[in-house]
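Reader: I have a structure open on my screen. Can you show me how to read its features?

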Amino acid sequence: MEIKSAEFVVSNTDVKKCPEGNKPEYAFIGRSNVGKSSLINMITGKKGLAMTSSKPGKTQLINHFIINDSWYLVDLPGYGYAQRGKEGRENIRRIIEDYILEREQLTNLFVLLDCRLEAQKIDLEFMEWLGENGIPFSIVFTKIDKLGGGKLRENLNAYTKKLLESWEELPPILLTSSEKKEGKEELLNYIDEITKS
Ligand code: GTP
Ligand code: MG
C-alpha cells in the first residue's frame with residue numbers, strides 16, 4: 001500500500017471525542033520511548049507528523065492521523081513511565097484502557113517492543129490483558145538498527161519462547177527501524193491485508 005496523504009486530525013484524552021464514523025483504525029502502543037511516534041512518521045514519510053522526543057513521556061494524548069482519506073493511524077501515550085508519578089501513570093492508564101476497550105473502530109493494535117530488551121513484565125501483562133479482553137494485536141519489534149543480525153535473532157527467539165509460556169499461538173510479529181526506514185512495506189501491506197479481510 002502506498003501512503004498518498006497523512007494529516008493530523010485531533011488530539012484527545014477522551015475516547016468519546018475521537019473522530020466519528022466507521023473508518024478502520026490502527027493504533028500504536030507500548031512503553032514510553034519505545035518508538036511509537038517515530039514509527040508513525042517513518043511509515044507515513046512525514047518527519048514531524050507525530051511529535052517525538054529522546055525523553056520518555058512525550059505523547060500524552062490520543063492522536064488521530066487520517067491516511068489516504070480512508071483510515072486512521074493512532075498514536076497513543078506510552079505506559080509505565082516512572083517519572084510521571086503514581087497519579088500521572090494512573091491517568092494515562094485510564095486513557096489507554098478506555099480507548100482500547102471502547103473504540104469500536106479499532107481494527108488492530110500494534111504492541112511495540114524494543115528489540116534490545118528481554119521480555120518485560122509490564123509488556124507481558126499488558127498483552128495478557130489484551131487477550132483477556134479479546135483485543136486483536138500484533139507485535140512490532142522496534143529499533144532493529146541497534147542490534148546486529150545474530151543478536152537480534154537471539155533476542156527474538158528468547159522473546160517468542162517467553163510468549164509461548166503463556167500463549168498457545170504467537171501473534172503476528174513485525175520488525176522495524178524508524179532510523180533506517182526498515183519494515184515500512186511489511187507493516188503497510190499487513191495493514192492493507194487486515195483492512196481487506
Ligand atoms: P512516548 O511518546 O514518550 O511514549 O515515546 P514514543 O514511543 O512515541 O517514542 P518516540 O517515537 O518519541 O522515540 C523515542 C526515542 O527513540 C527518540 O529519541 C527516537 O529518535 C528514538 N527512536 C525511535 N525509533 C527508533 C529506531 O528505529 N531506531 C533508533 N536508533 N532510535 C529510534
Ligand atoms: Mg510518542
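Reader: Which residues have the most contacts inside the largest nonpolar core?

Author: A nonpolar core is a set of buried Ala, Val, Leu, Ile, Met, Phe, Trp, Tyr and Cys residues joined through C-beta atoms within 7 Å. Buried means that 20 or more other C-beta atoms lie within 10 Å of the residue's own, with C-beta atoms placed from the backbone. Here the largest core holds 36 residues, and Ala 27, Phe 28, Ile 40, Val 111 and Leu 112 have the most contacts inside it. Strand β5 supplies the largest share of this core, six residues. Strands (E, at least two residues) and helices (H or I, at least four) are DSSP runs, numbered from the N terminus.

This is a predicted model: local features need pLDDT of at least 70, side-chain atom pairs count only at pLDDT 80 or more, and totals for chains, interfaces and linings use all residues. Residues are numbered from 1 along each chain as its sequence is written, while chains are lettered from A and ligands numbered from 1 in the order in which they are written.

Reader: What is Ile 40 in contact with, leaving aside its neighbours within four places in sequence?

Author: Contact means C-beta atoms, placed from the backbone, within 7 Å. For Ile 40, the partners are Phe 28, Leu 49, Ala 50, Phe 65, Leu 73 and Asp 75.

Reader: Why is β2 largely enclosed by the rest of the structure?

Author: Six of its six residues are buried, so β2 is largely enclosed. In a regular strand, side chains alternate between the two faces of the sheet. In β2, Glu 25, Ala 27 and Ile 29 are buried on one side, and Tyr 26, Phe 28 and Gly 30 on the other.

Reader: Which strands are joined to β2?

Author: Two strands pair if DSSP finds at least two bridges between them. Six bridges join β2 (residues 25-30) to β5 (residues 106-114), and the two run parallel. Phe 28 has Phe 110 as its bridge partner in β5. Four bridges join β2 to β4 (residues 71-75), also parallel. There, Tyr 26 stands opposite Leu 73.

Reader: Which residues come nearest to ligand 1?

Author: A residue is near a molecule if its C-beta atom, placed from the backbone, lies within 6 Å of it. Of the 23 residues around ligand 1, Gly 35, Ser 38, Thr 52, Thr 59 and Gly 78 come nearest. Helix α1 (residues 36-44) gives the most to this shell, three residues.

Definitions and conventions:
Buried ≥ 20, exposed ≤ 12 C-beta atoms within 10 Å, placed from the backbone. Contact = placed C-beta atoms within 7 Å.
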